[in-house]
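I opened this entry to work through one model slowly, taking charged contacts, then packing, then helix geometry.

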Amino acid sequence: MEANNGILVHMETDSETNPSVSIFYPQVIGELTPFQGQQFETLEEVYDFYNQYVREAGFSVRSYSSKKSKDGEVIRKKYVCNKEGSWSTETNGVVKRRRGVGRESCKARLIVVKSKYAGYVVTIFEQAHTHPMTTPRRRHLLKSHRRISGVDQLVAQQLISANVS
C-alpha cells in the first residue's frame, strides 16, 4: 500500500512484462465496485454506476467503442480509463502546443454485453491502472465528473437570452 496524497492505493510492479511499470489498484468500497456478471437495465445505468465507481476510485472514464446489431441496437459497449492508449508522436511539420502526458497505456476497462433476456451484463472488469489515482480534492476536475446542475444551466440560458455576458 502506498499513500498517494491521502489516498491508499495498492501498488505492484509488473515484473512479467515491464519491471519499471507500477500497477495501481484503487481502494473502493465493495458495493460501488463492478463485478463480472453484474446486470443493468440500460446503458445509462451502466455508465452512471461505473462513473460513480470511477469518481470514488480517482480517475475519469470515457466510452471507447461499441458494437451494434443490424437493427442499430447496441449489443456491446466498452468503457476505458481516460489514460488508456497513447498519443501519436508524428507532427507532420505542424507545431503543436506542448501539453502534459495525457495517455499512459492504462488497461483499466469495463465491457458490457446485451443479455439474451433483458438489459446488459458486465463481461470484463479490469481495475489495474498504470498511473496513480487523482486526489479527492481534484476529482471534480476530471472530465467525466464535470457537471453543471440543472439550475445553473437554466440561469446561464436566461443570461444568454437576456444578452448578459
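**A charged pair and its surroundings**

I looked up E73 and found it partly exposed, with a relative accessible area of 34%. I note at the outset that the model is predicted, and that each value here is computed from it.

I then checked K114, which also counts as partly exposed, at 28% relative accessibility. The side chains of these two residues, E73 and K114, meet in a salt bridge, for which I noted 3.4 Å from N to O. The pair links distant parts of the chain, since E73 lies in the loop between β5 (61-68) and β6 while K114 belongs to strand β7, and the two are 41 residues apart. When I counted salt bridges by the rule applied here, the count came to one.

**The nonpolar core**

Which residues have the most contacts inside the largest nonpolar core? I found that this core has 24 residues, and that those with the most contacts inside it are V46, Y50, Y53, F59, Y79, L110 and V112. I traced the elements that give two or more residues to the core, and they are α1 (43-57), β6 (74-81), β7 (109-114) and β8 (120-126). The largest share, seven residues, comes from α1.

**Helix α2 and what follows**

I turned last to α2 (residues 150-161), a helix of 12 residues that reaches 16 Å from its first C-alpha to its last, which is close to the 16 Å expected at 1.5 Å a residue. Just after α2, I noted that N163 takes a positive phi of about 65°.

Key: Residues are numbered from 1 along each chain as its sequence is written. This is a predicted model: local features need pLDDT of at least 70, side-chain atom pairs count only at pLDDT 80 or more; totals for chains, interfaces and linings use all residues. Side-chain values use heavy atoms; hydrogens and water are left out. Helices (H or I, at least four residues) and strands (E, at least two) are DSSP runs, numbered from the N terminus. The expected span of a helix is 1.5 Å times one less than its number of residues. A nonpolar core is a set of buried Ala, Val, Leu, Ile, Met, Phe, Trp, Tyr and Cys residues joined through side-chain atoms within 4.5 Å. Buried means under 20% relative accessible area, exposed over 50%, partly exposed in between (1.4 Å probe, protein chains only). A salt bridge is a side-chain nitrogen of Lys or Arg within 4 Å of a carboxyl oxygen of Asp or Glu.
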